[in-house]
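Open the model in your viewer and keep the selection panel handy.

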Amino acid sequence: KKKARDTLGTSVYFGSYETVKRLLTTPTSPAGPLTHFLAGGLCGIFCWLVVFPIDLVKSVIQKEAMHPHPTHDSIPVVVREILARSGYRGFYRGLGVTLMRAFPIHSLNFLVYEQVLKMIRVDQREGDVGRAGT
């Protein structure tokens with residue numbers, strides 16, 4: 001169950017990052033720090049929009065796992081209860097706060113990742129040039 005959620009989330013996360021990054025660049029204007037920042041923030045938002053309902057159901061089940069008589073013992077039971085209590089909107093209760101947190105966190109994650117990757121590539125090229133001259 002966890003693998004399905006993580007696989008879906010990871011697919012949306014990295015897929016949307018690469019898609020947004022490509023949409024924000026052209027062959028004459030490669031991705032820079034602002035592109036990495038925006039694409040990272042947007043991919044975090046897209047990922048949470050998809051994964052949030054799944055994560056909510058998982059959290060409800062986990063919360064009751066330690067109770068001697070859990071009332072929510074399966075995914076269908078939790079889904080039916082949320083639908084009955086709040087409709088489809090119930091699956092997204094609390095999403096706003098999560099999205100406000102998601103944009104800056106994921107923006108910085110990808111900005112730092114791309115900048116470190118760029119530094120590593122430069123170091124490797126300089127090392128290759130230094131070795132070629134010896």
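The tour below moves from the overall outline to annotated spans and then to a helix contact.

Before you click, note that this is a predicted model, in which local features need pLDDT of at least 70 and side-chain atom pairs count only at pLDDT 80 or more, while totals for chains, interfaces and linings use all residues. Residues are numbered from 1 along each chain as its sequence is written, and side-chain values use heavy atoms, with hydrogens and water left out.

Start with everything selected. Along the principal axes, the C-alpha atoms fill a box of roughly 70 × 30 × 20 Å. The radius of gyration is 21 Å, whereas a compact globule of 134 residues would have one near 14 Å (taken over C-alpha atoms; the globule rule is 2.2 Å times the number of residues to the power 0.38). Colour by secondary structure and you will find four helices and zero strands (DSSP runs, numbered from the N terminus: helices are H or I, at least four residues; strands are E, at least two).

Now try residues 37-57, the "transmembrane region" of the unreviewed UniProt entry. Here the chain is 100% helix, and the end C-alpha atoms lie 30 Å apart.

Finally, show α2 (residues 33-63) with α3 (residues 75-86): their axes come within 10 Å and cross at roughly 110 degrees. Axes are lines fitted to C-alpha atoms over the stretch in contact, with angles from 0 to 180 degrees between N-to-C directions. The two helices are therefore roughly perpendicular (65 to 115 degrees).

Methods:
Angles under 35 degrees count as roughly parallel, over 145 as roughly antiparallel, 65 to 115 as roughly perpendicular and the rest as oblique. UniProt positions are given in the numbering used here, feature names are shortened, and annotations may be inferred rather than shown by experiment.
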